[in-house]
Amino acid sequence: MHFLFQTAPAALRPRANLPCLCAILLALGTAATGAMAQAPAITTLKQALDAAWVRQPEAASSDLHKQAAEGRKAAAQSWTAEPPSLEISTKTDRLNRNEGSRELEIGVAVPLWLPGERSRSLALADAEAGAVDSRTAATQWRLAGTLRDAWWALHRARVEVGLARTRQDSAAQLARDVARRVAAGDLAKADQHQADGALAAAQAELAASQAAQIQAEQALRILTAEAPAQGLIDAPEAAATVVPDDTEATPNHPALRELSDRALRAERARDLAGVQQRANPELTLASTRDRGAFGERYGQTFTLGLRFPLGSSGNNQAKRATAGAELIEAQTQLTLERQRLSGELAGAKARLVAAQASAEAANRRAALARETRGFIEKSFRAGETDLPSRLRVELEAFEAERQSTLARLNVNQAISALNQALGLLPQ
């Protein structure tokens with residue numbers, strides 16, 4: 001198969017407007033730079049939480065829930081159980097006898113509070129307003145826990161990439177040294193294969209760690225909808241200033257405050273249902289103007305009435321039973337959550353102590369491994385140590401350095417987990 005390419009003579013080809021093209025490329029580059037400047041990368045955990053929180057449905061509906069709570073509170077503070085209603089009625093015999101009988105009645109019906117209903121309604125409105133705030137705080141705290149996991153997973157993935165890249169560079173340098181000595185006849189071809197195999201293993205580890213890093217970045221991006229910083233996230237979360245000696249979760253913990261406010265709201269609802277044994281009575285004030293027939297003068301009368309609805313035992317029983325069931329559920333969940341948080345706090349404190357001890361031991365091991373590596377490297381260059389021993393020491397030194405770096409990361413992650421157990425948000 002043959003392909004024929006034919007080009008037009010240079011005189012017939014259109015000339016590109018190079019100044020215009022350069023101007024377009026410069027404008028595109030400036031626009032891209034401006035877009036990147038408008039969307040800065042996330043560098044701290046506090047920024048990640050702020051970016052993730054604005055995307056949550058609870059954050060979008062929080063103001064409306066507060067407005068609803070304020071509306072219920074305003075309704076409970078009014079002097080009447082419901083807004084007054086205006087009643088207008090008229091009577092006439094125009095359609096049948098048409099003897100001139102006319103009657104016009106105008107009145108106002110005012111629903112009245114039951115005994116104790118107004119104070120209990122106001123207490124329930126206050127409890128509902130507090131429950132809105134505590135539910136928002138608990139949702140934000142749970143989001144912070146999810147973010148902390150994704151944050152430190154990305155930090156660990158990037159540390160692994162840095163370590164793998166360092167190992168690859170070291171293995172590449174060793175492979176070059178071995179190749180030079182094989183060419184000089186100091187080492188055998190088998191040594192070259194071993195060095196090349198170590199380099200291939202380091203390259204495979206680097207590729208796997210880079211894939212894990214991409215996955216961790218995407219997991220964080222899903223939560224925040226923003227890109228994390230390109231460099232290592234080396235801003236550890238500050239440790240809590242006050243750590244309780246016991247393992248009991250504080251009552252100010254967001255999860256406990258949410259359940260406490262839920263139980264309080266259910267208790268106030270039960271108390272309100274206890275006084276709402278019937279519908280609200282109504283006070284009626286009306287004025288009537290009427291006449292009996294044509295030629296008679298209109299007369300005016302006034303009516304003052306009070307309407308008492310009969311009680312409904314079934315509806316009242318349903319309200320009280322529902323409120324009581326919600327109260328029992330909230331109190332039981334509060335007890336279980338307090339026990340769970342106490343165990344989580346104890347585990348976080350123990351994890352931090354263990355991570356600090358492990359970091360100290362890993363640092364000592366890494367220092368000894370680096371010193372041993374220097375000895376073996378000089379001995380290998382002098383021809384006093386064989387390649388397998390050199391590769392073994394290199395691997396041990398790399399593993400010691402890896403454990404030391406990850407141990408420091410574990411300490412920061414343990415501090416973050418302790419803050420989460422204490423109910424603290426990233427600052």
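Tutor: Helices here are DSSP runs of H or I with at least four residues, strands are runs of E with at least two, and both are numbered from the N terminus. The model is a predicted one, in which local features need pLDDT of at least 70 and side-chain atom pairs count only at pLDDT 80 or more, while totals for chains, interfaces and linings use all residues. Residue numbers start from 1 along each chain as its sequence is written, and side-chain values rest on heavy atoms, with hydrogens and water left out.

Side chains of opposite charge can pair when their charged atoms come close. Lys46 and Asp50 form a salt bridge, with 2.9 Å from N to O; the term requires a side-chain nitrogen of Lys or Arg within 4 Å of a carboxyl oxygen of Asp or Glu. Both partners are partly exposed: the relative accessible area is 30% for Lys46 and 37% for Asp50. In this scheme, buried means under 20% relative accessible area, exposed means over 50%, and partly exposed lies in between (1.4 Å probe, protein chains only).

A second salt bridge joins Glu282 to Arg307, whose closest N and O atoms are 3.0 Å apart. This pair connects distant parts of the chain, since Glu282 sits in strand S3 (residues 282-291) and Arg307 in strand S4 (residues 299-307), with a separation of 25 residues. Arg307 counts as partly exposed, at 43% relative accessibility.

Helix H8 (residues 387-421) holds both Arg390 and Glu394, four residues or about one turn apart. Their side chains meet in a salt bridge of 3.1 Å, N to O, and both Arg390 and Glu394 are buried. The search of the whole structure finds 21 salt bridges.

The wider fold gives these pairs their setting. The protein chain contains eight helices and four strands, in the order α-α-α-β-β-α-α-α-β-β-α-α along the sequence. Of its 427 residues, 35% count as buried. Its accessible surface is about 25,800 Å², 57% of it belonging to carbon and sulfur atoms; such areas come from the Shrake-Rupley method with a 1.4 Å probe, and for residues only the protein chains shown count as cover. Among contacts (heavy atoms within 4.5 Å) with a separation of 6 or more, 82% are between residues 24 or more positions apart.

The largest nonpolar core has 23 residues, and those with the most contacts inside it are Ile42, Ala48, Leu49, Leu143, Leu147, Trp151 and Leu220. Helices H2, H4, H5 (189-224) and H8 each supply at least two residues of this core, and H4 gives the most, with 10 residues. A core of this kind is a set of buried Ala, Val, Leu, Ile, Met, Phe, Trp, Tyr and Cys residues joined through side-chain atoms within 4.5 Å. Leaving aside residues up to four places away in sequence, Ile42 touches several residues, including Ala48, Trp151 and Pro228.
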